[in-house]
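Please consult the sequence and the coordinates alongside the text.

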Amino acid sequence: DLVLPFFKGIREAIDDVAAVYNDEFEVVYFNGILLGDEVLSLILRDFSWVGASIVFVFLYICFHTRSLYLGFSGILMIVSSFVPGYFFYRLILQITFFQTLHMLSVFVLLGVGADNIFIFTDAWKQFGLDPVASQNLSLQATLTFERASLMCLATTATTFSAFMATGISTIMPISTFGFFAGSVIFCNFVLLIGLYPSMLMVWEK
């Protein structure tokens, strides 16, 4: 608590001196504590956009599906993926390291999760135009699941593999971030194929 303010004071003093002399000379300095503080401030600044990102994705899902119900259910399902994702990361993979950087995976999760929702919804609407499937919700849900789940599996598998491959990094925060993001992406896919078809059936009724 005392060291960081001390080094911040030194940094401000150096910046003040550099500002007086403008471009006549450049002050270059390095300190591990200040570096960690700077990285943390950048992460927190990026994380402040999470709320706006969630609202934007929610509104776009509502616009695309033409349904407030699907928008709310979909965004809730996406955000809820963090709970089983952390369970998988902590208890199955047995990784205890966790920091603010890991939470930035929400941006990737929002993109992948929304994309999967669009795929399922579009497949549902396509089979809704089929004269046979549209008369039987169970048949429509089965056909939608068979088509959309394979497409979502392809997109999810590539993202999952990319993050898991990051786990081989020798830099521990980067490695654990890859494992956590991969865990969250995997759990989002499981929730999608397990819950979203039922949500579509409820919406149709």
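Leucine 91 counts as partly exposed, because its relative accessibility is 44%, between the limits of 20% for buried and 50% for exposed. The model is predicted.

**Leucine 91 and the surface patch**
- Leucine 91 lies in helix H5, which runs over residues 82-92.
- Together with Phe87, Ile92 and Leu93, Leu91 makes a nonpolar surface patch of about 360 Å².

**Helix H4**
- Helix H4 comprises 13 residues (68-80), so at 1.5 Å a residue it should span 18 Å; the expected span is 1.5 Å times one less than the number of residues.
- The end C-alpha atoms of H4 are 18 Å apart, which agrees with that expectation.
- At the start of H4, the backbone nitrogen of tyrosine 69 has a side-chain oxygen of serine 67 within 3.3 Å.
- Buried positions in H4 are Leu70, Gly71, Ser73, Gly74, Ile75, Met77 and Ile78.
- The cover over these buried residues includes helix H3 (50-65), H5, helix H7 (105-128) and helix H9 (172-204).

**Serine 183 in helix H9**
- Serine 183 belongs to helix H9.
- Its relative accessibility is 0%, and serine 183 therefore counts as buried, the limit being under 20%.
- Leaving aside residues up to four places away in sequence, serine 183 touches Gly85, Phe88, Tyr89, Leu93 and Met164.
- One of these contacts, Leu93, is also a member of the nonpolar patch with Leu91.

Note on methods. Residues numbered from 1 in each chain as written. Predicted model: local features only at pLDDT ≥ 70, side-chain atom pairs only at ≥ 80, totals over all residues. Heavy atoms only, no water. Patch = residues over 30% accessible without salt bridge, like charges linked within 9 Å, V, L, I, M, F, W, Y side chains within 5 Å. Areas by Shrake-Rupley, 256 points an atom, 1.4 Å probe, with all protein chains shown as cover. Salt bridge = Lys/Arg side-chain N within 4 Å of Asp/Glu carboxyl O. Helix = DSSP H or I, 4+ residues; strand = E, 2+ residues; numbered from the N terminus. Buried < 20%, exposed > 50% of the residue type's maximum accessible area, 1.4 Å probe, protein only. Contact = heavy atoms within 4.5 Å. Polar contact = N/O pair within 3.5 Å; in protein donor to acceptor, adjacent residues only side chain to side chain.
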